[in-house]
There are 2 protein chains.
Amino acid sequence: MSQIEIRHLRTLVALRETGSLVEASERVFLTQSALSHQIKELEGRLGCSLFLRKTRPVRFTSAGNRLLELADEVLPRLHNAELDLDRFAGGQSGRIIMAIECHSCFEWLLPAIDAYRNEWSDVELDISSGFHFAPFPALARGDLDLVITADPLDEPGITYFPIFSYEAQLAVAKKHPLVDKPWVEPKDLADEVVITYPVDRERLDLFSGFLEPAGVEPARVRHAELTTMIVQLVASGRGVTCLPNWALHEYLQNDYVVVRSLGEEGIWPTLYAAVRKDQADAPFMNAFIEVAKQVCFANLRGIVTAELG
Amino acid sequence: MSQIEIRHLRTLVALRETGSLVEASERVFLTQSALSHQIKELEGRLGCSLFLRKTRPVRFTSAGNRLLELADEVLPRLHNAELDLDRFAGGQSGRIIMAIECHSCFEWLLPAIDAYRNEWSDVELDISSGFHFAPFPALARGDLDLVITADPLDEPGITYFPIFSYEAQLAVAKKHPLVDKPWVEPKDLADEVVITYPVDRERLDLFSGFLEPAGVEPARVRHAELTTMIVQLVASGRGVTCLPNWALHEYLQNDYVVVRSLGEEGIWPTLYAAVRKDQADAPFMNAFIEVAKQVCFANLRGIVTAELG
DNA sequence: TTGCGACATGAATAAAATTCAAAACTTACT
DNA sequence: AGTAAGTTTTGAATTTTATTCATGTCGCAA
């Protein structure tokens with residue numbers, strides 16, 4: 001089947017450059033005899049001779065020249081591929097396909113990706129929208145490489161890097177009765193309309209970390225896609241919402257809404273980058289997480305450093 | 001040293017196309033075990049894994065994808081080269097570097113080359129001007145592939161194909177005394193100025209086939225490069241010359257000169273194409289000789305079919 | 001659980017590439 | 001011509017590598 005091997009191309013190139021089997025053999029770190037056998041066998045398989053040996057330097061036949069042409073096309077590409085692979089092997093390059101559990105995280109993730117791409121231009125980057133339902137199996141089997149999550153489950157083969165912590169705050173209209181309370185208790189929301197992103201409750205701090213533990217169900221849950229839309233509904237008194245403090249910051253500045261902590265201590269989720277163990281030490285991956293942290297701390301108001309929980 | 005082999009690229013492509021080691025192994029005519037070993041070893045050498053096996057179809061890592069990219073660049077080129085080499089092996093293609101001993105032969109050789117090139121466009125063709133002195137050693141060692149000669153020496157490893165025979169005729173001015181003789185004898189030229197191409201005497205029919213056997217030396221030998229120039233000198237009575245009848249034809253038509261045979265029978269050299277034995281049966285080579293003959297018989301007046309001498 | 005399909009593994013085997021040692025050519029020089 | 005130096009060829013021995021065979025393991029679905 002496969003007649004020609006890389007080895008043959010290397011031999012022919014060495015032969016072209018040196019002009020004799022003896023010198024070519026030094027070049028490819030083989031004995032001259034090996035080269036003689038090697039080429040003889042190739043010529044046999046190809047059915048034509050590749051060069052004429054009775055001259056110095058050797059003369060290539062048309063067939064030999066055709067193979068040299070092939071070598072000139074192939075060997076540099078091979079070399080480049082090997083260089084790239086060395087970088088993959090050294091963790092200098094790789095692929096990061098991400099998914100986010102935290103809906104508002106797009107706001108800082110996109111700038112983080114942009115910043116990272118400047119330094120690590122040949123790392124393949126993408127955000128996958130396809131694995132919202134079950135990101136962890138996808139991460140484990142390699143469909144994803146990084147998941148932004150607030151719930152570090154203790155899965156084997158997954159490493160979690162903390163990014164930052166924030167307060168999940170309740171936002172209410174300025175004239176809302178809860179404004180008078182220093183903080184919110186779960187039962188305060190029993191009669192409220194709660195406005196959320198259209199995602200599972202487990203992925204919402206308000207439910208998973210506050211209402212469900214207390215067994216409280218709000219009067220109604222209403223969905224909106226965009227953060228501004230949610231805040232607008234809240235500001236006009238159609239309900240309350242729970243958002244990260246850093247996402248609410250600008251609306252607070254503009255005096256649209258009032259925010260209160262959930263419970264006396266407040267709820268302080270931590271965002272983690274979940275990564276497969278085999279990539280956890282790769283420089284390109286660590287660099288991404290570092291860049292993400294830097295971008296967040298530079299741009300988001302109200303977040304704090306997190307320790308590994 | 002050489003990490004990646006063609007075989008590896010083929011395996012990866014099969015794997016991409018089938019999605020599993022089992023099917024890929026059928027595709028490359030190996031056992032599943034062989035592929036497992038092969039890839040494991042490559043991964044070890046490269047220092048990174050190439051694909052994730054726990055999924056169907058298998059997922060390639062960035063390194064795996066990089067190798068597939070390489071395969072897509074390399075394998076088609078390899079295939080093309082193999083197709084070309086098949087044609088070399090089958091004698092459907094090759095190289096013809098020619099030299100001519102017969103100085104006037106450019107006149108028919110160039111049109112012959114043009115005609116041949118139409119049909120055999122990827123045969124490498126060239127006329128070498130570098131081996132006028134010793135074309136046969138050059139032919140034997142492969143610097144040349146074809147020599148046009150009138151003297152088929154019995155060299156081993158060389159095959160001669162006759163192209164055509166012609167008469168080597170003496171051209172003289174219309175008022176020259178020799179016009180009165182039906183043919184020329186060697187001694188008739190003892191007092192003449194002979195005009196020739198500036199080449200060795202052995203390559204001139206007049207000397208090698210007529211004067212030297214008779215031990216006659218002309219009064220003077222004068223050289224000119226171009227056939228027209230030679231004929232002009234002859235026409236104006238500055239000397240006589242010997243040229244192939246087909247080269248003289250047009251001047252005869254125009255009544256510039258008169259021609260006479262050398263001896264009663266005339267001298268009838270035959271032009272041969274001398275070819276190395278290993279190329280003597282190659283279709284591309286036979287085709288060239290056939291085309292050359294056709295072109296000659298179509299364009300040259302006065303030539304006759306030759307038999308192998 | 002069990003069974004099935006797919007991949008991994010280790011030892012055995014087959015195949016190959018390479019080396020060694022010697023011979024056959026080539027070339028240049030005397 | 002004869003010889004010496006350098007180069008390629010050759011055949012057999014050897015080493016290395018690729019492949020197979022026979023199991024073993026793992027994940028997944030019934």
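**Chain B against chain A, and DNA strand D**

Tutor: In this predicted model, the count between chain B and chain A is three salt bridges.

Student: Which residue of chain A does Asp84(B) form a salt bridge with?

Tutor: Asp84(B) is paired with Arg66(A), and the closest N and O atoms of that salt bridge are 2.6 Å apart.

Student: And which element of chain B gives the most to the side that touches chain A?

Tutor: That is helix 4 of chain B, with 16 residues, while by class the side of chain B touching chain A has 17 nonpolar, eight polar and 11 charged residues.

Student: How much area is buried between the two chains, B and A?

Tutor: About 3,300 Å² is buried between chain B and chain A, with carbon and sulfur atoms giving 60% of that area. Of the area that chain B buries against chain A, 18% is supplied by Arg66(B), Arg77(B) and Leu85(B), more than by any other three residues.

Student: What about the backbone of Leu21(A)?

Tutor: A polar backbone atom of Leu21(A) is 3.0 Å from a phosphate oxygen of DNA strand D.

Notes:
Residues numbered from 1 in each chain as written. Chains lettered and ligands numbered in written order. Predicted model: local features only at pLDDT ≥ 70, side-chain atom pairs only at ≥ 80, totals over all residues. Heavy atoms only, no water. Buried area = accessible area lost by both parts, 1.4 Å probe. Salt bridge = Lys/Arg side-chain N within 4 Å of Asp/Glu carboxyl O. Helix = DSSP H or I, 4+ residues; strand = E, 2+ residues; numbered from the N terminus. Nonpolar A, V, L, I, M, F, W, Y, C, P; charged D, E, K, R; others polar. Polar contact = N/O pair within 3.5 Å; in protein donor to acceptor, adjacent residues only side chain to side chain.
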